[in-house]
Amino acid sequence: MASTPAGNRRTRVHVVSDVHGNARDLARAGEGADALICLGDLVLFLDYADHSRGIFPDLFGVENADRIVELRTARRFEEAREFGRGLWAGIGMDRAAAIEKAVRKQYAELFAAFPTPTYATYGNVDMPPLWPEYAGPGTTVLDGERVEIGGWTFGFVGGGLRTPMRTPYEISDEEYAAKIEAVGEVDVLCTHIPPEVPELVYDTVARRFERGSRALLDAIRRTRPRYALFGHVHQPLVRRMRIGATECVNVGHFAGSGRPWALEW
């Protein structure tokens, strides 16, 4: 277990999630803080606000990005997959190899931007097998694990639950619940996805409910952490609400705002 000594002074951490390629602001996100926490989704596959940004438009162009966003927003997921298959067949590239190459390029830049110390977990669009190659000595990767920072215990659970979107790091409800259970009682519970509360999982721009975790919601009610921090939903109906004794905060706006959320104690 890593530890950041608190001494007699206050501790300040900055928290980001859903970085989605914003390396420029990530390099400044730890300024003035004792540590940076990153809750995943470093990779930018496709920016729903700006369809010219990401791996998808780089490979297939903006018009095709417009179309795939239109289909997904309309929840026509099978049509979107068929459309995507046609695009890949048309360019004659190995899909897995092309995506991995593009992700590696982004990871090299993003992990280099992390300050020391950084505590990070995976998002649903991340590729965990690649992280050990890019996480330097100052970056601690945690998933279903705990760490002490400034005298408080932080628990981390990464990834997302399975959806029709089929993003790279989606796991079963049972596996996710096991990781929540392994973390146990903590002061701050850090996850990529939110608890399953309608106001926290509905994205007002994508116009759909994202998947939140019932196991996470149950753990918040049972263990009563001081804070539950998460991202995943970029434009939620509500960014902050209390569940019992716990302050729940969506910090998943970093790609657009470039500003971390600060926690001080």
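Predicted model: local features only at pLDDT ≥ 70, side-chain atom pairs only at ≥ 80, totals over all residues.
Within α7 itself, which spans residues 173-183, the buried residues are Y176, K179, I180 and V183. These residues lie on the same side of α7, because they cover an arc of only 100° around the axis. The exposed residues E174 and E181 are carried by the face of α7 that is turned away from its buried side. The cover over the buried residues of α7 includes the strands β6 (145-149), β7 (152-157), β8 (160-161), β9 (170-171) and β10 (188-191), together with helix α9 (214-223).

Y176 also belongs to the largest nonpolar core, a set of 55 residues in which V16, V19, L26, L42, V103, Y107 and Y176 touch the most other members. Helix α5 (residues 95-113) makes the greatest contribution to this core, giving seven residues. When neighbours within four places in sequence are left aside, Y107 is in contact with L42, V43, A112, D126, M127, L130, W131 and Y134.

For the protein as a whole, ten helices and 16 strands are assigned, and 52% of the 265 residues count as buried. The radius of gyration is 18 Å, which agrees with the value near 18 Å that a compact globule of 265 residues would have. Taken along the principal axes, the C-alpha atoms fill a box of roughly 60 × 35 × 30 Å. Among contacts with a separation of 6 or more, 58% are accounted for by residues 24 or more positions apart. The protein exposes about 12,000 Å², of which carbon and sulfur atoms supply 49%.

Note on methods
Residues numbered from 1 in each chain as written. Heavy atoms only, no water. Buried < 20%, exposed > 50% of the residue type's maximum accessible area, 1.4 Å probe, protein only. Helix = DSSP H or I, 4+ residues; strand = E, 2+ residues; numbered from the N terminus. Arc of directions from axis to C-beta. Contact = heavy atoms within 4.5 Å. Core = buried A, V, L, I, M, F, W, Y, C linked by side-chain atoms within 4.5 Å. Rg over C-alpha atoms; globule rule 2.2 N^0.38 Å. Areas by Shrake-Rupley, 256 points an atom, 1.4 Å probe, with all protein chains shown as cover.
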